[in-house]
Amino acid sequence: KSHKELLLPPTPCRAQTNVMFLKTHKTASSTILNIMFRFAERYNLTVALPADQLFHLGYPKTFMAHFVEEFEAIGQNYNIMCNHLRFNPSEVQKVMAANTFYFSILRNPIPLLESAYVYYKNSVPAFRISKDVNEYLASPLKFYHQANYRQNIYARNIMWFDFGYDNNAEDDKEYVQEVVKEIEQNFQLILIAEYFDESMVLLKHTLCWDLDDVVYFKLNSRSQDTVQTLTPESEERIKTWCSLDWKLYLHFNQSFWRRIEESLGFEALGKEVNRLRARQKELMEICLSEQEAVGKGHIKNKALLPFQSGAANILGYNLNQDLDDRTLRACQRMVLPELQYMSYLYSVQHPHKKRKNSGFPLLWTNSQDK
């Protein structure tokens, strides 16, 4: 009998549908947000969307449950949470079910800081008053004033801040270890932006999702000509100026690869990454009139224009013309920028509320909003 039991097929897993994604800044998180929104629509899930006219969950304030639209009425019955918020576990737990899966993503602080510099150039005092990213990093304290710390959060240890910690804290060994341990207790998975495809494969594997649930077109990226080249000195300085983020990244980059080794193995990972890229290529051929993202001036349908910020030229997509209805819908969802997608989900989930004014034309007219 015992021998026979060993031969039973493994029980196929069921897709995890209660998921909280901590959306960190400038880490490819907009692409993940799109994946989460599409997943929510596929399974008809309830998303914890920002209340009123806001486009984030109270950020940069520390998250409170009442930042979620209709929290009073819906309570702990949200399935998906993925908009920008500053993590606060006790309040998030009031919104999300007990068996929720928590994950986030980190990026190397060196390219991260350069990206934040260009994107937030006009809104962050420390960036605004410095000439370029290298001048800023040559002597950050000349530009970064403690008094403006609220406006300057993007200028130092932004990931540390997003996870709910003090981004100006002293870099103390015990403190850092304590925070890392806390993050490991609160999050079941931390992905790495530099290995985005590997991250999507690991996410799919861990949550028992399908390939099409994690296939994506890169969203909210910018054109190469707005990237500022960091000098080798600047790169080194980021490691000390953003040492909290640097240590966070080093730790979770290691645990990421350990996780892959234990759960998937490198051979299976390679095969799955190839499958993902092949599917992505196939969808690009079906959906897109150019096989790549285009600059803001070349996006024909203004409903698909991403929000523009700072000195960055945020890229978007043009869809193929003659697509049948079903394909068009699927393609539209893959290229729909964050603010538009959120406004759309908001109007579907909260039809009696005043529409969010994203300043963008809506793709779908009311008759189709059902």
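## Contacts and confidence

Contact here means heavy atoms within 4.5 Å. The model is predicted, and the mean pLDDT of the protein chain is 93, with 95% of residues at 70 or more. One stretch, residues 365-370, stays under 50 in pLDDT. For residues 365-370 the model has seven contacts beyond four places in sequence.

## Helix α15

Helix α15 runs over residues 266-287, which makes 22 residues. From the first C-alpha of α15 to the last the reach is 31 Å, close to the 32 Å expected at 1.5 Å a residue.

Which residues of α15 are buried? They are Leu269, Glu272, Val273, Leu276, Arg279, Gln280, Leu283, Met284 and Cys287. Seen down the axis of α15, these buried residues fall within an arc of 140°, so they line one face of the helix. An α-helix has 3.6 residues a turn, so residues three or four places apart point the same way. The face turned away from the buried side of α15 carries the exposed residues Glu267, Lys271, Asn274 and Lys281. The cover over the buried residues of α15 includes α11 (196-207), α12 (211-214), α14 (243-263) and α16 (325-335).

Helix α11 is mostly covered, with 10 of its 12 residues buried. The buried residues are Phe196, Asp197, Glu198, Ser199, Met200, Val201, Leu202, Leu203, Lys204 and Leu207.

Cys208 follows α11 and lies in the loop between α11 and α12. Phi of Cys208 is positive, about 60°, although the residue is not a glycine. Is Cys208 buried or exposed? Its relative accessibility is 18%, and buried means under 20%, so Cys208 counts as buried.

## The loop between α2 and α3

Asn44 is found in the loop between α2 and α3. Asn44 is a residue other than glycine with a positive phi, near 55°. The relative accessible area of Asn44 is 69%, and exposed means over 50%, so Asn44 counts as exposed.

Pro60 also lies in the loop between α2 and α3 (71-74). The peptide bond from Tyr59 to Pro60 is cis, with omega near 5°.

## Asn83

Asn83 is placed in the loop between β2 (80-81) and α4 (89-95). With a relative accessible area of 2%, Asn83 is buried.

What does Asn83 contact, leaving aside its neighbours within four places in sequence? The residues in contact with Asn83 are Lys23, Leu33, Phe37, Ala48, Leu49, Pro50, Phe55, Leu57 and Met342.

## The largest pocket

The largest pocket has a volume of about 1,300 Å³. The lining of the largest pocket is made of 50 residues, of which Lys26, Thr27, Ser30, Tyr119 and Asn220 lie nearest its centre. The elements that give two or more residues to this lining are α2 (29-42), α5 (109-119) and α17 (338-349). Which element gives the most to the lining of the largest pocket? Helix α5 does, with four residues.

Definitions and conventions. Residues numbered from 1 in each chain as written. Predicted model: local features only at pLDDT ≥ 70, side-chain atom pairs only at ≥ 80, totals over all residues. Heavy atoms only, no water. Expected span 1.5 Å × (residues − 1). Buried < 20%, exposed > 50% of the residue type's maximum accessible area, 1.4 Å probe, protein only. Arc of directions from axis to C-beta. pLDDT = per-residue confidence, 0-100. 1 Å grid on protein atoms, 1.4 Å probe; cavity = no way out; pocket = protein on both sides within 12 Å on 5 of 7 lines; lining within 4 Å. Points joined across faces, edges and corners; volume = space filled by probe spheres on them.
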